[in-house]
Amino acid sequence: MLPLGSAGAWQQYKRLDHSWCVPVPDDLPDDIACFASINPLTAVTMVERFCRPGVRAVVVTAAASAIGGHLAELLTARGVAPIGAVRGTPGRTVAEPSRWRALIRTDEPGWRERLRALTGPRGIDVAYDCVGGEVGADICALTSGDGVFVHYGLLSGSPLPARCFTEPGGPRVELFRLRDTVHGDGRRHLPELFAPVFEQLRRGLLRTAVSHRVGLSALVEHLRAPAAGHRGGKLLIEPQR
């Protein structure tokens, strides 16, 4: 079962109503299924909701992130090779370069012009942005007036400027929160919501790289240690260890 709907996931036992428990298929190992409820579910929901037939020019910010890789997997399966925007952080790169039409480094001069050349006069059809700030605003400005700018995170720590919402002729701006989807409809839809995620995981897609496994009792010590960094993968907490 995937226990959703409240805090307290980092513990051996969690008490909650049965309607918040999503059955996990028997053929999915726990160390794969446990990552299904955040990045994979967000990626699947956003692609199904906003990537309509006819979409061709798609931009994904934070392309080197785990969810950036998930979006690229889902988009290429639909025949859409996205353009990725990355910050150029040393040691960080996209998981599978072949899934991207191009990668743009937003820390380099002229990146906006290169992105404009790649998307053509029409502009971006769909932008998936989890950065915000001026980078998000510039990508929003390059999105077609009949396109959609999906904003679902704030890695920059700065909100989108007001002009993204008020500029005449700008794209539709969608503020996506997974919580709104998960907490809707009285929770009756949760198994149906997760079904396409489990199917992708079963096919070997939307997998989350794990760099460290640590027991719950050793978690504090692990996080305090200088070697506790887990770049290149997620930290998997195993409560029974």
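This is a predicted model: local features need pLDDT of at least 70, side-chain atom pairs count only at pLDDT 80 or more; totals for chains, interfaces and linings use all residues.
Tutor: Residues are numbered from 1 along each chain as its sequence is written, and side-chain values use heavy atoms, with hydrogens and water left out.

Student: What makes H2 oblique to H3?

Tutor: Helices (H or I, at least four residues) and strands (E, at least two) are DSSP runs, numbered from the N terminus. The axes of helix H2 (residues 39-50) and helix H3 (residues 66-77) come within 9 Å and cross at roughly 40°, where axes are lines fitted to C-alpha atoms, for helices over the stretch in contact, and angles run from 0 to 180 degrees between N-to-C directions. Angles under 35 degrees count as roughly parallel, over 145 as roughly antiparallel, 65 to 115 as roughly perpendicular and the rest as oblique. H2 is therefore oblique to H3.

Student: Which residues of H2 and H3 make the contact?

Tutor: With contact meaning heavy atoms within 4.5 Å, H2 contributes Asn39, Pro40, Thr42, Ala43, Val44, Met46 and Val47, and H3 contributes Ala66, Ile67, His70, Leu71, Leu74 and Leu75. Of the residues in this contact of H2 with H3, ten are nonpolar, three are polar and none is charged, given that Ala, Val, Leu, Ile, Met, Phe, Trp, Tyr, Cys and Pro count as nonpolar, Asp, Glu, Lys and Arg as charged, and the others, Gly among them, as polar.

Student: Why is His70 called buried?

Tutor: Buried means under 20% relative accessible area, exposed means over 50%, and partly exposed lies in between (1.4 Å probe, protein chains only). His70 has a relative accessible area of 3%, so His70 is buried. This residue is found in helix H3, and, leaving aside its neighbours within four places in sequence, His70 is in contact with Asn39, Pro40, Ala43, Leu206, Arg207 and Thr208.

Student: What makes H2 roughly perpendicular to H8?

Tutor: H2 and H8 pack with their axes 9 Å apart and at an angle of about 100°, and that angle makes H2 roughly perpendicular to H8. The contact joins Pro40, Leu41, Val44, Thr45 and Glu48 of H2 to Leu193, Phe194, Pro196 and Val197 of H8. By class, this contact of H2 with H8 has seven nonpolar, one polar and one charged residues.

Student: Why are H4 and H5 called roughly parallel?

Tutor: The axes of helix H4 (residues 111-119) and H5 cross at roughly 30° and come within 11 Å, and H4 and H5 are therefore roughly parallel to each other. The contact is made by Trp111, Arg112 and Leu115 of H4 together with Val135, Asp138 and Ile139 of H5, and by class it has four nonpolar, no polar and two charged residues.

Student: How do you know that Asp138 is buried?

Tutor: The relative accessible area of Asp138 is 17%, so Asp138 counts as buried. Asp138 is found in helix H5 (residues 133-141), and, not counting residues up to four places away in sequence, Asp138 touches Trp111, Arg112 and Arg163.

Student: Are Cys164 and Cys130 buried or exposed?

Tutor: Cys164 has a relative accessible area of 8% and is therefore buried, and Cys130, at 6% relative accessibility, counts as buried.

Student: Why is Lys234 called partly exposed?

Tutor: Lys234 has 35% relative accessibility, so Lys234 counts as partly exposed. Lys234 is found in strand E10 (residues 234-238), and, leaving aside its neighbours within four places in sequence, Lys234 has contacts that include Phe35, Asn39 and Ala66.
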